[in-house]
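Q: I have this model open on my screen and would like to go through a few of its features with you. Could we begin with the aromatic residues?

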Amino acid sequence: MLIREVMRAEAPPFSEKRGMLMSDENTWTGPVVDAHAHFWDPIANDHPWLRPDVIIPLRYGDYSAIKRRYLPDDYRKDAAGHAVCETVYVETEWDPNTPLDETRYASGLSARYRLPNAIVGQAWLNRDDAATIIAQQAAFPLVRSIRHKPGGPASPNEVGRTRTLMSDDTWRCGFALLERHGLHFDLQTPWWNLDEAITLARDFPRMLIILNHAGLPADRSPEGLAGWRAAMARLAEEPNVRVKISGIGLRNRPWSVDDNCWIVEQIVAMFGASRAMFGSNFPVDSLCGSFDTIFSGLKRIAARYSKAEQARLFCETAREVYRTNENARTPSQAS
């Protein structure tokens with residue numbers, strides 16, 4: 001079936017149901033737990049990719065605008081008007097030689113600003129010091145998960161010629177240690193590598209794997225969307241997988257409901273609201289839209305769902321996965 005036929009059959013174009021999505025009475029106004037956000041100070045701390053003289057390939061292109069201090073007070077200004085009560089700090093590719101310093105820094109921000117409320121720390125699972133770093137990360141009260149991007153094929157055409165670290169024995173030994181310490185794993189990899197993630201999920205059925213950024217559906221061609229949807233549908237069959245609906249902006253295009261409605265609806269249809277959560281990916285996604293544009297857009301898209309489903313997407317799934325409310329705060333305190 002062509003992707004256009006899939007879209008017609010399973011998700012009518014946004015314009016055909018605009019009235020339903022714009023329903024004010026069903027638009028989410030409750031608490032928001034931002035499942036994926038970053039804070040940083042590249043002046044005081046070392047993030048190699050944020051150095052003034054460094055440019056790396058980024059799916060949004062030129063990212064010079066975010067090479068600046070971004071702290072919880074900046075985030076609160078961006079998120080004004082949305083009842084953000086808790087956030088999940090995701091590692092920021094801090095200097096890999098000092099990953100615990102990043103966790104200390106994020107923990108200090110929490111103590112000072114009451115954000116973030118959970119931390120996804122950095123640990124390179126294939127390094128000799130993986131066991132030590134994982135154990136030390138797990139000792140921080142706010143650390144819930146670890147992220148180590150597994151690399152691998154950079155396009156669908158490379159699948160089969162190279163593999164990601166998810167298939168590397170040393171990396172998998174490091175991965176196995178996470179369960180011992182009660183940690184989850186945040187996985188960031190494009191959709192064409194998800195068959196390796198499926199194998200990982202099956203081999204470690206008691207480990208919770210949280211797919212970041214919706215499997216990176218950057219290619220919105222019919223072929224790209226068809227490949228993305230098929231891979232995500234296979235992944236959705238694994239009960240120990242959750243997915244973040246975040247980081248779905250497009251290069252050189254302002255964030256829009258029209259561009260992203262189908263992506264969101266497909267994820268909810270495949271995973272269900274109880275296994276999906278919204279994240280801002282700020283400040284990275286400020287490159288393609290304001291916080292209000294993105295979250296107001298997500299609320300318009302989600303207005304088709306029941307209040308219970310919206311509560312899962314905007315708050316409860318992330319809160320359940322990352323235990324962000326162990327020291328509960330009201331939206332008025334945090335926003």
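A: Before the rings themselves, a definition: rings of Phe, Tyr and Trp (its six-membered ring) pair if their centres lie within 6.5 Å, and planes under 30 degrees apart count as stacked, over 60 as edge-to-face and the rest as tilted. On that basis Trp28, Phe39, Tyr70, Tyr75, Tyr89, Phe278, Phe282, Phe291, Phe295 and Phe314 form one aromatic cluster. Please keep in mind that this is a predicted model, in which local features need pLDDT of at least 70 and side-chain atom pairs count only at pLDDT 80 or more, while totals for chains, interfaces and linings use all residues. Residues are numbered from 1 along each chain as its sequence is written, and side-chain values use heavy atoms, with hydrogens and water left out.

Q: How many aromatic pairs does a search of the whole structure find?

A: The search finds 18 aromatic pairs. One of them joins Tyr75 and Phe291 in an edge-to-face arrangement, with 5.6 Å from centre to centre and 85° between the planes. This pair links distant parts of the chain, since Tyr75 belongs to helix 3 (residues 72–78) and Phe291 to helix 10 (residues 291–302), 216 residues apart; helices here are DSSP runs of H or I with at least four residues, strands are runs of E with at least two, and both are numbered from the N terminus.

Q: Is Tyr75 buried or exposed?

A: Tyr75 counts as buried because its relative accessibility is 1%, where buried means under 20% relative accessible area, exposed over 50% and partly exposed in between (1.4 Å probe, protein chains only). Phe291 is buried as well, with a relative accessible area of 1%.

Q: Switching topic, how do helix 8 and helix 9 pack?

A: Helix 8 (residues 222–236) and helix 9 (residues 257–271) pack at an angle of about 25°, and their axes are 9 Å apart; such axes are lines fitted to C-alpha atoms, for helices over the stretch in contact, and angles run from 0 to 180 degrees between N-to-C directions. The two helices are therefore roughly parallel to each other, a label for angles under 35 degrees, whereas those over 145 count as roughly antiparallel, 65 to 115 as roughly perpendicular and the rest as oblique.

Q: And which residues in helix 8 and helix 9 meet?

A: From helix 8, Leu225, Trp228, Arg229, Met232, Ala233, Leu235 and Ala236 meet Trp262, Ile263, Gln266, Ile267, Met270 and Phe271 of helix 9, contact meaning heavy atoms within 4.5 Å.

Q: What does Ile245 touch?

A: Leaving aside residues up to four places away in sequence, Ile245 touches Val264, Ile267, Val268, Ala276, Met277, Phe278, Gly279 and Leu313. Ile245 sits in strand 7 (residues 241–245) and counts as buried, at 1% relative accessibility.

Q: Where is His213 found?

A: His213 is in the loop between strand 6 and helix 8, and has a positive phi of about 55° although it is not a glycine. His213 is buried, with a relative accessible area of 2%. Asn252, in the loop between strand 7 and helix 9, has a positive phi of about 60°, but Asn252 counts as exposed at 71% relative accessibility.
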